[in-house]
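The sequence and the structure are shown first, and the notes follow, grouped by topic.

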Amino acid sequence: MRLAELSERSGVPTATIKYYLRERLLPPGERITATKAEYGEEHLRRLRLVRSLIQVGRMPVATAREVLAAADDESLGQNARMGAAVWALPHGPEPEEDDPHAARAREQVDTVLRRMDWSHGQELGDNAPAYRTLVAAIASLDRLGYPHETEHLLVHARLAGELAVADLDLVETYGTPEQIEAVVALTVLYEPVLLSLRRLAQTEESSRRFKK
């Protein structure tokens, strides 16, 4: 398809597509003349991914480029490419160095991972952005005096484990070439879904317990 059709089918203005091409967020099309190129279904898929990162995920262009580069790194295996791409996504705050609250939180996170038998997470440890974000979050709970007992965290971890199975089942419905893009896009697009469902569930449970 030509650029105009790519724009029409994707809903992305031609000027924006040209910008994505210049910023290397979208691979170039196949040249048919010095000034014209043709684009395929892979460009439509990539445009959906770019839109999910930039428009929905509010990701800076430079960060989106890093995520896409990780997703496209064919020197890595399937699991490593998925992990690298998700790692490149923006994460929460980092734990503070030499913070006693962070030190206690790190021990608690390690306990949760061990009791969940998440061996891969244990191996990665502090190298994983999500691990560091979790440490920082629990450290904040500890610092401010809010409850964060390990048993309560394990409830969340078990639910997260069930969600991970459902997420990867969904990713596997895609063909192999699209799975890397799918895991990145769905991570970005489903996180607000998860947050919203949790808040709706809390509202529902509160109305049942407290009535008024």
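Arginine 45 counts as partly exposed, because its relative accessibility is 22%, and in this predicted model its salt-bridge partner is glutamate 181, with the closest N and O atoms 3.7 Å apart. Glutamate 181 itself is buried, at a relative accessible area of 12%.

- Arginine 46 forms a salt bridge with aspartate 72, the closest N and O atoms being 2.7 Å apart; since arginine 46 lies in helix α3 and aspartate 72 in the loop between α4 and α5 (78-87), the pair ties together parts 26 residues apart in sequence.
- Arginine 46 is buried at 7% relative accessibility, whereas aspartate 72 is partly exposed at 39%.
- Through shared partners, salt bridges join Arg45, Arg46, Asp72, Glu178 and Glu181 into one network.

**A further salt bridge**
- Among the 13 salt bridges found in the whole structure is that between the side chains of glutamate 23 and arginine 65, at 2.6 Å from N to O.
- This pair links the loop between α2 (14-22) and β1 (30-31), where glutamate 23 lies, to helix α4 (residues 61-71), which holds arginine 65, across 42 residues.

**Serine 10**
- Serine 10, in helix α1 (residues 3-10), is buried at 14% relative accessibility, and its side chain reaches the backbone oxygen of leucine 6 at 2.7 Å and that of serine 7 at 3.4 Å.
- Beyond residues up to four places away in sequence, serine 10 touches Ile17, Leu44, Leu47 and Arg51.

Methods: Residues numbered from 1 in each chain as written. Predicted model: local features only at pLDDT ≥ 70, side-chain atom pairs only at ≥ 80, totals over all residues. Heavy atoms only, no water. Helix = DSSP H or I, 4+ residues; strand = E, 2+ residues; numbered from the N terminus. Buried < 20%, exposed > 50% of the residue type's maximum accessible area, 1.4 Å probe, protein only. Polar contact = N/O pair within 3.5 Å; in protein donor to acceptor, adjacent residues only side chain to side chain. Contact = heavy atoms within 4.5 Å. Salt bridge = Lys/Arg side-chain N within 4 Å of Asp/Glu carboxyl O.
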